[in-house]
Amino acid sequence: MWKHPATHTRQLSNATGTPMILLIDWVRAGKFPSTYNQLDYPCESCQSSIYAGRLCHSCLGTFRTAALDIQTRIPRRTVAGLFSIAGRAKSY
Ligand SMILES: [Zn+2]
């Protein structure tokens with residue numbers, strides 16, 4: 001298997017008789033050299049084939065948007081809360 005760095009995970013599984021799930025575990029754990037950049041594994045969200053990270057590009061986009069949404073919402077609320085406390089403190 002080490003002779004074919006451009007192999008895909010499924011081909012590697014067929015060639016070595018190693019279950020896909022085990023290979024995917026190994027790929028995720030980084031047990032293959034980075035030269036094996038064709039080893040794909042399912043996105044943790046939508047199961048489409050990816051080669052890096054934990055999510056495919058479209059899911060990453062969705063998650064990034066959601067994360068940004070949360071990031072922009074929480075500080076605003078905190079700032080508003082601080083202002084209302086400050087305003088109350090002044091009136092005393
Ligand atoms: Zn995905």
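This is a short tour of a predicted model, stop by stop, with something to select at each one.

Before you click, some ground rules: residues are numbered from 1 along each chain as its sequence is written, and side-chain values use heavy atoms, with hydrogens and water left out. Because the model is predicted, local features need pLDDT of at least 70 and side-chain atom pairs count only at pLDDT 80 or more, while totals for chains, interfaces and linings use all residues.

**Stop 1: the whole chain**

Show the protein chain as a cartoon. You'll find three helices and two strands, arranged along the sequence as α-α-β-β-α. (Helices are DSSP runs of H or I with at least four residues, strands are runs of E with at least two, and both are numbered from the N terminus.)

Of the chain's 92 residues, 20% count as buried. Here buried means under 20% relative accessible area, exposed means over 50%, and partly exposed is in between (1.4 Å probe, protein chains only).

**Stop 2: Ser13**

Select Ser13, which sits in helix H1 (residues 9-16). Is it buried or exposed? Ser13 is buried, at 11% relative accessible area. Leaving aside residues up to four places away in sequence, Ser13 touches Thr18, Pro19, Met20 and Leu23; a contact means heavy atoms within 4.5 Å.

**Stop 3: the zinc ion**

Which residues coordinate the zinc ion? They are Cys43, Cys46, Cys56 and Cys59, each through its SG atom, at 2.3 to 2.4 Å. (Donors are N, O and S atoms within 2.8 Å of the metal, or 3.2 Å for Na, K and Ca; water is not among the atoms, so sites may look incomplete.) Along the sequence, the donor residues follow the spacing C-x2-C-x9-C-x2-C.

Try the angle tool here. The four donor atoms subtend angles of 105 to 117° around the zinc ion, so the arrangement is tetrahedral, a label for four donors with all angles between 85 and 135 degrees.

Stay with two of these cysteines. Cys43 lies in the loop between S1 and S2 and Cys56 in the loop between S2 and H3, so the pair ties together parts 13 residues apart in sequence. Cys43 is buried at 1% relative accessibility, and Cys56 is buried as well, at 7%.

**Stop 4: the salt bridges**

Finally, select Glu44. How many salt bridges does the model have? The count is two, taking a salt bridge as a side-chain nitrogen of Lys or Arg within 4 Å of a carboxyl oxygen of Asp or Glu.

One joins Arg28 to Glu44, with the closest N and O atoms 3.9 Å apart. Arg28 belongs to helix H2 (residues 20-28) and Glu44 to the loop between strand S1 (41-42) and strand S2 (49-50), so this pair ties together parts 16 residues apart in sequence. Arg28 is partly exposed at 38%, and Glu44 is partly exposed at 38%.

Arg54 also pairs with Glu44, at 3.2 Å between the closest N and O atoms. Arg54 is exposed, at 57% relative accessibility. Show Arg28, Glu44 and Arg54 together: salt bridges with shared partners join them into one network.

Definitions and conventions. Four donors count as tetrahedral if all angles lie between 85 and 135 degrees; four count as square planar and six as octahedral if opposite donors are over 155 degrees apart and all others between 65 and 115; anything else is irregular.
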